[in-house]
Amino acid sequence: LDYPALEALAAVADTGSFEIAAARIGVSQPAISQRIRSLEERMGAVLVIRGAPCRVTEEGARLIRHLREVALMEAALSPTNAPPVLRIAVNADSLATWVLPALAEIEGALFDLVIDDQDHSADWLRRGDVVAAITSDPGPVAGCDTVALGRLRYIATASPDFIARHFRKGINSESLRAAPALQFNAKDRLQDAWAAQIAGGPISLRAHRIASTEGFVEATLRGMGWGLNPEVLVRAHLASGALEALGPAPIDVPLHWQSQRRMKAPLGSLGRAVRRAAKGVLLD
Ligand code: ARG
């Protein structure tokens with residue numbers, strides 16, 4: 001395989017631009033175009049859809065996965081080379097609550113975090129786009145090892161003011177249908193699950209979409225809506241009275257660490273660090 005050309009392809013995928021890719025590798029832009037064109041001719045397939053930004057095709061993505069794996073293996077064999085890039089799928093709420101202490105322990109590696117819902121992060125692993133994932137899927141995904149990390153606890157919360165305005169007559173199907181909820185993004189089913197529990201059946205909610213864990217907490221504090229927040233992030237607000245729990249029933253989301261078995265060497269001590277960090281915050 002033509003590694004300089006693969007490197008050019010990966011740089012274009014990463015930056016979305018031939019020009020920036022050229023600057024990054026330290027060659028001219030025509031040289032980048034030339035490498036990618038000849039790779040496309042050899043593969044007999046279009047690898048990059050030229051545009052602003054440029055995107056790689058499925059065929060191009062397959063080659064880049066291969067390049068990443070080779071680079072990781074090489075870095076594990078001779079640690080003096082460039083630091084390995086560990087591409088890992090993490091759900092936003094784990095990132096905001098317990099994962100970073102584990103990553104901070106690891107020296108000599110770069111992290112490329114892909115943020116996706118815990119119900120979807122395993123797909124990245126299945127496609128071979130990441131070497132490990134924090135996922136609600138106990139798996140194991142083919143070729144992966146899996147360990148249970150514990151449960152992330154969510155509490156349905158709202159501000160006292162919001163509760164006075166929307167739930168004065170209690171929390172039931174009617175008030176839940178009328179009160180604005182918060183939703184992280186389209187993949188976030190937590191509020192629906194909680195509301196269905198309370199109402200005894202599915203209920204259609206109207207919601208603000210706020211795809212930020214911290215933003216979700218702040219929006220709750222400001223009385224924009226009710227929503228499920230990680231217990232560790234609202235504990236102090238519940239104690240101070242800035243937020244109130246909407247009901248006694250929490251929702252616990254079980255999380256797992258799944259990692260590619262053949263990447264054991266480059267992943268090294270990360271799995272252990274992840275387990276330790278999870279222990280401090282997640283429930284058994
Ligand atoms: N699934 C998303 C994540 O952790 C968000 C989950 C919903 N979060 C919330 N606070 N309601 O990446």
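Helices (H or I, at least four residues) and strands (E, at least two) are DSSP runs, numbered from the N terminus. With that settled, here are some notes to read beside the structure.

1. **What you are looking at.** This is a predicted model, in which local features need pLDDT of at least 70, side-chain atom pairs count only at pLDDT 80 or more, and totals for chains, interfaces and linings use all residues. Residues are numbered from 1 along each chain as its sequence is written. The pLDDT is the predictor's confidence in each residue, from 0 to 100; its average over the chain is 94, and 99% of the residues score at least 70. For the model, ipTM is 0.94 and pTM is 0.85.

2. **Overall build.** The chain has 13 helices and eleven strands. Along the principal axes, its C-alpha atoms fill a box of roughly 70 × 40 × 30 Å. Contacts are pairs of residues whose C-beta atoms, placed from the backbone, lie within 7 Å. Among those between residues at least 6 apart in sequence, 69% join residues at least 24 apart.

3. **Domains.** The assignment gives domain 1 (1-79) and domain 2 (152-252), with bounds that come from an automatic or database domain assignment. Taken over C-alpha atoms, the centres of domain 1 and domain 2 are 44 Å apart.

4. **Two cis bonds to check.** Most residues other than glycine have a negative phi, and most peptide bonds are trans. Here, the bond from Ala52 to Pro53 is cis, with omega near -5 degrees, and Pro53 sits in the loop between strand E1 (48-49) and strand E2 (55-56). Gly139 and Pro140 are also joined by a cis peptide bond, with omega about 0 degrees. You will find Pro140 in the loop between strand E5 (132-135) and strand E6 (144-158).

5. **Around the ligand.** Which residues come nearest to the ligand? Of the 13 around it, they are Asn91, Ala92, Asp93, Asp117 and Phe184; a residue counts as near if its C-beta atom, placed from the backbone, lies within 6 Å. Helix H5 (92-104), helix H10 (213-221) and strand E9 (227-230) are the elements that give two or more residues to this shell. The largest share, three residues, comes from E9. By type, the shell divides into five nonpolar, five polar and three charged residues (Ala, Val, Leu, Ile, Met, Phe, Trp, Tyr, Cys and Pro count as nonpolar, Asp, Glu, Lys and Arg as charged, and the others, Gly among them, as polar).

6. **Helix H2.** The buried residues of helix H2 (residues 18-25) are Phe18, Ala21 and Ala22. They lie on the same side of H2 because they cover an arc of only 100 degrees around the axis, taken from the directions from the helix axis to the C-beta atoms. Their cover includes helix H1 (3-15) and helix H3 (29-43). After H2 comes Gly26, with a positive phi near 85 degrees.

7. **Leu282.** This residue is in the segment after helix H13 (270-281). Is Leu282 buried or exposed? Leu282 counts as buried because it has 22 C-beta neighbours inside 10 Å. Leaving out residues up to four places away in sequence, Leu282 touches Trp98, Leu149, Gly150, Arg151, Leu152 and Leu255.

Notes: Buried ≥ 20, exposed ≤ 12 C-beta atoms within 10 Å, placed from the backbone. Contact = placed C-beta atoms within 7 Å.
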